[in-house]
Amino acid sequence: MGSQTPLRLPVIDFSKPELKPGTGEWDLVKGHVHAALRDYGCFEATFDKIPLDLREAMFGSLEELFDLPLQTKLLNVSKKPYHGYVGQYPHIPLYESMGIDDANVAENVEALTSIFWPQGNSSFSKNIQSFSVQLSELDQIIRRMVLESFGLEKYMDEHMCSSNYLLRVMKYKGPETTETKLGLSSHTDKNIVTILYQNEVDGLEVQTKEGEWINLKPSKHSFIVMIGESLYAWLNGRLYAPFHRVMMTGDKARYSAGLFSIPKAGYIIKAPDELVDEEHPLLFKPFDHVEFLRFYYTEGGQKSAAALKEFCGV
């Protein structure tokens with residue numbers, strides 16, 4: 001069980017209309033983003049471009065999705081590891097999730113919707129796609145700020161074009177006990193940036209560099225932003241990719257939606273020369289994210305305490 005602690009993540013506001021590149025407000029927020037990702041690997045973000053009614057409608061759509069029969073949910077398949085339906089695992093019995101590749105593209109969402117609901121479900125596809133499009137704006141703002149904070153503007157176009165979006169939607173059943181039960185094991189994300197939104201049921205915990213667990217209690221107005229190992233590796237360890245887990249109690253289900261920016265298959269992640277020097281020697285050899293995922297989901301990769309280092313560490 002995570003320790004009770006007064007620690008809280010930094011809260012950063014991305015809602016101000018004057019937040020535009022080159023302005024004082026942009027530089028101020030950029031400094032907060034850099035400090036939060038350096039110290040915690042994550043932060044809480046407010047971003048009012050996604051209206052509350054859409055956020056609430058998303059959870060209605062998630063409940064509708066997870067209420068489908070198991071044989072229907074199993075139709076959510078993908079050639080990429082961990083992109084399709086995940087569930088029915090004895091070691092994490094409370095957890096199930098589904099992935100929607102390129103959920104910001106209407107045709108992709110509609111194609112998947114037609115598999116689940118052959119008769120159609122326009123409200124579901126509209127909610128999923130609208131939410132993903134608007135949340136991808138926040139992802140792009142954050143990634144631009146990160147590159148600017150390291151003076152890596154010349155890589156901006158390549159970096160932004162090197163990724164796709166995966167919307168991963170998750171349900172954690174309430175364990176129906178006052179004892180805390182494992183919802184999802186401790187792990188780091190493997191992608192570039194993750195942006196999470198959850199319902200009112202808490203459970204997400206993030207580990208600090210010192211090994212202390214922070215119990216997160218984001219409001220319905222905020223998102224949790226964290227970086228994954230692909231960005232950690234590309235920046236040669238300059239920012240922190242945090243371990244996190246889900247611990248559940250009570251009888252209510254926890255629903256969450258995560259937008260993951262993910263390197264495209266075949267794109268080689270290689271730290272820029274500007275971030276490699278005597279003080280910061282190269283940590284990882286160049287690697288393909290999808291090949292790393294394939295290793296990570298092998299028995300050896302799952303047992304490894306530092307899978308990326310084992311896969312391509314220098």
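Colleague: Which residues does UniProt list for "domain: Fe2OG dioxygenase"?

Modeller: The unreviewed UniProt entry gives residues 162-263 for it. In this predicted model, the end C-alpha atoms of that span lie 6 Å apart, with 56% of the span in strand and 6% in helix.

Colleague: What makes β5 and β8 edge strands?

Modeller: Look at the open four-stranded sheet, ordered β5-β10-β7-β8 with antiparallel pairing. Both β5 (177-187) and β8 (213-215) pair on one side only, and that makes them the edges. On average, neighbouring strands here are turned by 25 degrees against each other, direction ignored.

Colleague: How do you know that β7 pairs with β8?

Modeller: Pairing takes at least two bridges. Strand β7 (residues 204-207) has three bridges to β8, running antiparallel, so they count as a pair. Across that pairing, Glu205 stands opposite Asn215 in β8.

Colleague: Why is Glu205 with Arg245 called a salt bridge?

Modeller: The cut-off is a side-chain nitrogen of Lys or Arg within 4 Å of a carboxyl oxygen of Asp or Glu. For Glu205 and Arg245 the closest N and O atoms are 2.8 Å apart, so the pair qualifies. This pair links distant parts of the chain: Glu205 sits in strand β7 and Arg245 in strand β10 (residues 244-250), 40 residues apart.

Colleague: Are those two buried or exposed, and how do you know?

Modeller: Buried means under 20% relative accessible area. Glu205 comes in at 6%, so it is buried, and Arg245 at 13% is buried too.

Colleague: What about Glu148 and Arg144: what makes them a salt bridge?

Modeller: Their closest N and O atoms are 3.2 Å apart, and the limit is 4 Å, so they make one. The two are four residues apart in helix α5, which means about one helical turn separates them. Glu148 has 14% relative accessibility and counts as buried, whereas Arg144, at 35%, counts as partly exposed.

Colleague: Which residues have the most contacts inside the largest nonpolar core?

Modeller: Phe14, Val33, Phe43, Phe131, Leu167 and Leu235, in a core of 70 residues. Helix α5 (residues 122-149) gives the most to this core, with 10 residues. There is also a second, separate core of 19 residues, including Cys42 and Tyr172.

Methods: Residues numbered from 1 in each chain as written. Predicted model: local features only at pLDDT ≥ 70, side-chain atom pairs only at ≥ 80, totals over all residues. Heavy atoms only, no water. UniProt positions renumbered as here; feature names shortened; annotations may be inferred. Axes fitted to C-alpha atoms, helices over the stretch in contact; angles between N-to-C directions. Core = buried A, V, L, I, M, F, W, Y, C linked by side-chain atoms within 4.5 Å. Buried < 20%, exposed > 50% of the residue type's maximum accessible area, 1.4 Å probe, protein only.
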